[in-house]
Amino acid sequence: LNGVVVDGHELAIKVHSGSKDRTKLQIFNLPPHADRHWLMSFFVQQGLTPVFCEAGSSQGMSAEVRYHDVAGARLAAQSLNGSLLGGAQIQVAIDPRFSEGATLAVTNVPAGISWQDVKDHFGQCG
């Protein structure tokens, strides 16, 4: 079901990092109306019956990404603004708080995305 689009939201599904038996999943980029009842029903419709479902806030977080030079930061801002990270469309801009111009402000990062996920995503631009 990873990558399935529901109500315009591409779901991203990962095994929870704390799940020793790999049975606990995290689902990112759920539609705003998705609650635990909706989630349970969604899985049942797919032929899967979960034991437990919980839906938390889908509010995006932010990240800061630093490049060695302005050119790399500008390329990343142009190339990755609007890209998908963990199933959510992120916004990327040069961070005005830093005068050197090599730091990016990234918003709408879905909960559960690690710093390594962010680093890997931005690694495609230098």
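Biologist: Is Phe122 buried or exposed?
Modeller: In this predicted model, Phe122 has a relative accessibility of 3% and therefore counts as buried, since buried means under 20%.

Biologist: Which element holds Phe122?
Modeller: Phe122 belongs to helix H3, which covers residues 115-122.

Biologist: Leaving aside neighbours within four places in sequence, which residues is Phe122 in contact with?
Modeller: With those neighbours set aside, the contacts of Phe122 are Val65, Tyr67, Ala76, Leu80, Ile90, Val92, Leu104 and Val106.

Biologist: And how many Å separate the C-alpha atoms of Phe122 and Ser99?
Modeller: The separation is 21 Å, and Phe122 and Ser99 are 23 residues apart along the chain.

Biologist: Let us turn to aromatic rings. How is a pair of them described?
Modeller: Two values are used, namely the distance of the centres and the angle of the planes.

Biologist: How many aromatic pairs does the count come to?
Modeller: The count is 2 aromatic pairs. In one of them, the ring centres of Trp38 and Phe42 are 5.4 Å apart and the planes lie at 5 degrees, so this pair is stacked.

Biologist: Where do Trp38 and Phe42 lie?
Modeller: Both are in helix H1, residues 36-45, at a spacing of 4 residues, or about one turn of the helix. The rings of Phe42 and Phe43 also pair: their centres are 5.6 Å apart and their planes are at 75 degrees, so the arrangement is edge-to-face.

Biologist: What do the ring pairs link together?
Modeller: They join Trp38, Phe42 and Phe43 into a cluster.

Biologist: Are Trp38 and Phe42 buried or exposed?
Modeller: Trp38 and Phe42 are both buried, and Phe43 is buried as well.

Definitions and conventions: Residues are numbered from 1 along each chain as its sequence is written. This is a predicted model: local features need pLDDT of at least 70, side-chain atom pairs count only at pLDDT 80 or more; totals for chains, interfaces and linings use all residues. Side-chain values use heavy atoms; hydrogens and water are left out. Rings of Phe, Tyr and Trp (its six-membered ring) pair if their centres lie within 6.5 Å; planes under 30 degrees apart count as stacked, over 60 as edge-to-face and the rest as tilted. Helices (H or I, at least four residues) and strands (E, at least two) are DSSP runs, numbered from the N terminus. Buried means under 20% relative accessible area, exposed over 50%, partly exposed in between (1.4 Å probe, protein chains only). Contact means heavy atoms within 4.5 Å.
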